[in-house]
Amino acid sequence: MQIQTLQFVKKVAPPWTAGTVNTPVGSVFRLSSDWSRPDYWGMIKSRSGAFRMNYAVSPGLYAVGDPTKDSDVFVTANYKLTFDMLRRELKGMQAWILVLDTKSINVWCAAGKGTFGADELVNRIVTTKLDAVVSHRRLILPQLGAVGVNAAEVQKRTGFRISFGPVQAKDIPAYVQAGYKKTIEMRTITFPMLDRLVLTPMEINPAMKKFPWLAAGILLFFGLEPQGVLFKQAWFGGLPYLILSLASVLGGAFVTPALLPFIPFRSFAIKGWLIGLLAVFAVHQLLHLPAPGDTIAMIVSYLFFPVMSSYIALQFTGSTTFTGMSGVKKELKIGIPIYIGAASISLVLLIVLKVKEWGLL
Amino acid sequence: MKYLANVTTLSYAADKCAGCGRCVEVCPQGVFEMQDKRAAIIDRDLCMECGACARNCEFGAISVNAGVGCAAAIINSMITGGEPSCDCSGSGSSCCG
Ligand code: SF4
Ligand code: SF4
């Protein structure tokens with residue numbers, strides 16, 4: 001008994017705990033259900049993607065309130081943000097939380113990768129001696145964990161019967177009140193505007209990381225003269241294309257995700273292409289770029305930049321909650337040849353433009 | 001929001017269904033509903049091929065080719081020849097927030 005206690009409470013108590021609770025197999029940390037300043041700060045940090053790896057919760061069993069051997073057991077991932085959401089929603093309840101080792105990754109991803117899976121769950125049930133802590137044999141898992149956990153297998157191996165709770169932790173109190181029943185809202189994922197907007201920086205960042213290369217390429221191309229690279233030339237010739245590139249990054253990575261349901265067609269590639277087309281049109285109307293009368297430049301801008309926006313928009317399928325693999329594969333199969341074709345034709349046209357400019361034609 | 005029509009690999013054999021309701025419980029897209037003590041597909045096109053239903057149907061009534069619907073991951077797998085998988089540690093690709 002003494003050894004068990006040591007094993008559970010060997011480390012310094014994390015700041016989000018409030019004392020310990022005794023169980024037949026040793027004491028476990030009691031969680032404080034209030035969020036402290038570091039918790040909020042942590043949410044911002046992990047949302048922004050930085051410091052994700054060193055922001056974990058130790059896997060194991062925790063207590064909320066004063067749980068007894070009849071209290072519910074909620075299973076979660078050791079991604080701090082997920083864990084914090086659950087801890088906050090369970091405020092005022094008496095429950096156990098079983099934290100799996102998902103390598104600090106959220107439930108959805110970890111289930112897809114298999115770290116939030118039957119093996120880890122069974123292993124965690126055994127190491128925490130859960131069967132001695134509670135007298136019932138019920139577990140409540142987040143619904144999205146079902147992607148990785150085969151409930152029947154866990155029951156066969158441990159005797160614990162799994163109920164998949166709501167998709168979102170905020171629905172847990174209502175779910176418990178309703179006698180562990182989910183409404184259709186509780187069991188389906190929605191993808192509201194705010195969520196989409198939160199994700200757009202993750203689309204814009206990688207696109208913008210490549211932007212300096214594109215910009216350098218454009219400037220070099222236009223600056224290239226028989227007598228060497230001319231900066232004035234580079235600037236005047238390249239500027240319209242720089243602006244158009246920025247417009248299509250913005251169109252594909254920000255406008256398309258934000259307005260997703262309002263843009264016609266289901267295909268992300270077409271949505272992105274439409275927005276890219278509008279972006280080019282807007283640049284053309286408002287800034288008169290490229291100069292009216294420059295036919296080749298005009299063709300290139302309408303050919304290339306909507307396609308660039310389309311490609312970027314297609315990347316957003318990685319952040320959505322409703323795109324499946326077969327659909328994205330289909331889009332890529334049709335899209336990639338078109339992307340490559342449009343880019344090649346544009347390049348050829350620009351070279352023709354250049355050659356003409358040099359008076360070689 | 002719905003994605004492309006008629007692309008999902010979801011298949012369901014109603015004759016194997018034992019009516020346990022697990023698929024309704026786990027599907028995050030509301031693809032299944034119980035009708036007359038059996039599962040019924042309400043709208044196939046809502047399916048995002050997450051695989052939760054097939055993994056949890058004890059009676060083998062459901063099958064789906066599960067995978068990530070993420071362009072970056074799929075392009076990657078086309079180049080490397082492996083299975084598409086999200087890189088959650090997340091530097092470039094933004095799969096899984
Ligand atoms: S999980 Fe399988 S057996 Fe159960 S209701 Fe669904 S299809 Fe039928
Ligand atoms: S694969 Fe996922 S989205 Fe498709 S029906 Fe099954 S649970 Fe629903």
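User: How many residues does the contact take from chain A and from chain B?
Analyst: This is a predicted model, and the contact in question counts residues with heavy atoms within 4.5 Å of the other chain. By that criterion the two sides contribute 54 residues from chain A and 45 residues from chain B.

User: How much area do chain A and chain B bury between them, and which residues of chain A lose the most area to chain B?
Analyst: Between them, chain A and chain B bury about 4,300 Å², and 59% of this lies on carbon and sulfur atoms. On the side of chain A, three residues that lose the most area together account for 19% of what that side buries, and they are R266(A), F322(A) and M325(A).

User: Which residue forms a salt bridge with R266(A)?
Analyst: Across the interface of chain A and chain B the rule finds two salt bridges. In one that involves R266(A), the closest N and O atoms are 3.9 Å apart, under a cut-off of 4 Å, and the partner of R266(A) is D45(B).

User: Which element gives the most to the side of chain A that touches chain B?
Analyst: Polar contacts between chain A and chain B number 18 residue pairs, with both residues at pLDDT 80 or more. Several elements of chain A each supply at least two residues to the side that touches chain B, including α10 (193-223), α13 (295-315) and α14 (325-357). The element that gives the most, with nine residues, is α14(A).

User: Where do R30(A) and D66(A) lie, and what is the N to O distance of their salt bridge?
Analyst: R30(A) belongs to strand β2 (residues 26-31) of chain A, whereas D66(A) sits in the loop between β3 (60-64) and β4 (72-77), so that the pair, 36 residues apart, links distant parts of the chain. Their side chains meet in a salt bridge with an N to O distance of 2.6 Å.

User: Why does the span of helix α11 of chain A agree with its 28 residues, and where does α11(A) bend?
Analyst: At 1.5 Å a residue, the 28 residues of α11 (residues 231-258) should span 40 Å, and because the end C-alpha atoms are 37 Å apart, the two values agree.

User: Which residues does a cis peptide bond join, and what is omega?
Analyst: P290(A) is found in the loop between α12 (268-287) and α13 of chain A. The cis peptide bond joins L289(A) and P290(A), and omega is about -10°.

Notes: Residues are numbered from 1 along each chain as its sequence is written. Chains are lettered from A and ligands numbered from 1 in the order in which they are written. This is a predicted model: local features need pLDDT of at least 70, side-chain atom pairs count only at pLDDT 80 or more; totals for chains, interfaces and linings use all residues. Side-chain values use heavy atoms; hydrogens and water are left out. Helices (H or I, at least four residues) and strands (E, at least two) are DSSP runs, numbered from the N terminus. The expected span of a helix is 1.5 Å times one less than its number of residues. Buried area is the accessible area (1.4 Å probe) that two parts lose on being put together, summed over both. A polar contact is a pair of N or O atoms within 3.5 Å; within protein, one must be able to donate a hydrogen and the other to accept it, and residues adjacent in sequence count only if both atoms are side-chain atoms.
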